[in-house]
Amino acid sequence: MKKIIKTKYAPTPIGPYNQAVQFGNTLFISGQIAINPETNELILDTIENETNQIMLNLKAILNAAEMTFENVVKTSIFLNDMHNFSKVNTVYGNYFNEETAPARETVQVSALPKFVNVEISMIAFK
């Protein structure tokens, strides 16, 4: 029943996990950070570019599962500094229709993998 979702268009996991796992019609996408899958380099020049790279990585994983952002029902955003909320929210909002946007929480944490500024995970349903 469990199907592993992998794509070369999103970063290779940096630990013992998969990019996403589909169980039935539900897709659980692991937290993504701003690694460019073509160069394997972190994108940390601005919080906007960092967030955009994360959203592109999430889009690639959704596409690999034959889904889009319209299928997303829940998002979790982790920030190392809540002062970046509005900038992250603006970039994130460009990927969703406000009327059908998913449920979401945004929390500040003390540190993230590779000491990035933001990490985003998603749950989608087909």
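Student: Why is Phe23 called partly exposed?

Tutor: In this predicted model, Phe23 has 47% relative accessibility. Buried means under 20% and exposed means over 50%, with partly exposed in between, so Phe23 counts as partly exposed. Phe23 sits in strand E2, residues 20-23.

Student: What makes Phe23 part of a nonpolar surface patch?

Tutor: Patch residues need over 30% relative accessible area, and Phe23 has 47%. Together with Met1 and Phe28, Phe23 makes a patch of about 400 Å².

Student: Why is Asn57 called buried?

Tutor: Its relative accessible area is 0%, and the cut-off for buried is under 20%, so Asn57 is buried. Asn57 lies in helix H1. Leaving out residues up to four places away in sequence, Asn57 touches Tyr9, Ala10, Pro11, Gln32, Ile33, Ile35 and Pro37.

Student: Which other residues of H1 are buried?

Tutor: Among them are Ile47, Glu50, Thr51, Ile54, Leu58 and Ile61.

Student: How do you know that the span of H1 is close to the expected one?

Tutor: Helix H1 covers residues 47-64, which is 18 residues. From first C-alpha to last, H1 reaches 26 Å, and 26 Å is expected at 1.5 Å a residue.

Student: Is Glu66 buried or exposed?

Tutor: Exposed means over 50%; Glu66 has 65% relative accessibility, so Glu66 counts as exposed.

Student: And why is Asn40 called exposed?

Tutor: Asn40 has 56% relative accessibility. The cut-off is over 50%, so Asn40 counts as exposed. Asn40 is in the loop between strand E4 (35-36) and strand E5 (41-42). Phi of Asn40 is near 65 degrees, a positive value in a residue other than glycine.

Student: How far is the C-alpha atom of Asn40 from that of Thr12?

Tutor: The two C-alpha atoms are separated by 8.5 Å, and the residues are 28 apart along the chain.

Student: How do you know that the buried residues of H2 are on the same side?

Tutor: Helix H2, residues 85-93, has Val88, Val91 and Tyr92 as its buried residues. They cover an arc of only 100 degrees around the axis, which puts them on the same side of H2. An α-helix has 3.6 residues a turn, so residues three or four places apart point the same way.

Student: What do the buried residues of H2 pack against?

Tutor: They pack against H1 and against strands E6 (72-79), E7 (103-108) and E8 (118-125).

Methods:
Residues numbered from 1 in each chain as written. Predicted model: local features only at pLDDT ≥ 70, side-chain atom pairs only at ≥ 80, totals over all residues. Heavy atoms only, no water. Patch = residues over 30% accessible without salt bridge, like charges linked within 9 Å, V, L, I, M, F, W, Y side chains within 5 Å. Areas by Shrake-Rupley, 256 points an atom, 1.4 Å probe, with all protein chains shown as cover. Salt bridge = Lys/Arg side-chain N within 4 Å of Asp/Glu carboxyl O. Helix = DSSP H or I, 4+ residues; strand = E, 2+ residues; numbered from the N terminus. Buried < 20%, exposed > 50% of the residue type's maximum accessible area, 1.4 Å probe, protein only. Expected span 1.5 Å × (residues − 1). Arc of directions from axis to C-beta. Contact = heavy atoms within 4.5 Å.
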